[in-house]
Amino acid sequence: MARVHPTIDDELAEWISRQHVFFVASAPSGDDGHVNLSPKGYDTFRVLGPTEVAYLDLTGSGAETIAHVREHGRLTIMLCAFEGKPPILRLFGRAEAVAVGDPEFDGLAAAFPPVPGIRSVIRLQVERVQSSCGWAVPHMAYERERETLDEWAARKGPDGIAEYHAEKNARSIDGLPGVAP
């Protein structure tokens with residue numbers, strides 16, 4: 001059964017910290033455009049307070065979440081357990097992309113281990129905390145993190161990452177502004 005929680009309490013925060021993957025969902029305004037759903041991993045998610053979370057936005061092949069957040073701020077984050085009890089947790093709210101170079105960036109990024117290729121920190125002001133059962137979610141064992149993205153970003157270096165952002169992340173697939181040059 002779905003349950004709405006008043007905030008992210010200590011028990012939920014502790015459960016969140018044990019999850020190895022989370023998903024972000026966003027969409028552009030209006031009837032057109034593509035709904036985006038992206039899996040995220042590494043040690044890139046933090047509970048900042050009872051109604052605030054953040055995650056590191058790493059360089060990828062698209063810039064949909066940043067574009068949608070900049071357009072209207074709506075974002076949903078979902079976590080689900082693949083081991084042990086099967087809860088699903090959805091965090092609905094308003095987000096902002098705090099870009100590298102923004103005055104708030106360094107303070108937010110300090111909560112995470114250094115990772116090459118960071119585009120921004122996505123900070124979500126949580127308006128609804130909803131849990132439900134994940135009885136149909138399969139049991140899967142965590143093996144290890146993939147090192148491919150870290151290795152790729154390290155090889156590119158800061159200048160190569162900036163070029164990649166300009167070439168591949170400047171616009172969303174719907175033509176919205178993405179990563180600022």
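Select tyrosine 42 to begin, and you will find it in the loop between β3 and β4 (45-49), where strands (E, at least two residues) and helices (H or I, at least four) are DSSP runs numbered from the N terminus. This is a predicted model, in which local features need pLDDT of at least 70 and side-chain atom pairs count only at pLDDT 80 or more, while totals for chains, interfaces and linings use all residues. Residues are numbered from 1 along each chain as its sequence is written, and side-chain values use heavy atoms, with hydrogens and water left out.

The phi of tyrosine 42 is near 60 degrees, a positive value in a residue other than glycine. Tyrosine 42 is also buried, with a relative accessible area of 16%; buried means under 20% relative accessible area, exposed over 50%, and partly exposed in between (1.4 Å probe, protein chains only).

Move on to Ile77 and Leu91, which touch the most other members of the 25-residue largest nonpolar core, a core being a set of buried Ala, Val, Leu, Ile, Met, Phe, Trp, Tyr and Cys residues joined through side-chain atoms within 4.5 Å. Elements that each supply at least two residues of this core include α1 (10-17), β5 (52-58), β6 (74-80) and β8 (118-133). Leaving aside neighbours within four places in sequence, isoleucine 77 has contacts (heavy atoms within 4.5 Å) that include Phe22, Val24, Tyr55, Leu91 and Leu124. A second, separate core of 12 residues includes Leu58, Val98, Val115 and Val121.

Now select α2 (64-71), where 6 of its 8 residues are buried, among them Glu64, Ile66 and His68. The elements covering these buried residues include β2, β3, β5, β6, β7 and β8. Just after α2, glycine 73 takes a positive phi of about 90 degrees.

Finally, which cysteine has the sulfur closest to that of cysteine 133? The closest is in cysteine 80, 12 Å away and too far for a bond, given that a disulfide is a pair of cysteine sulfur atoms within 2.5 Å; the count of disulfides comes to 0. Cysteine 80 is buried, with a relative accessible area of 6%, whereas cysteine 133 is partly exposed, at 34%.
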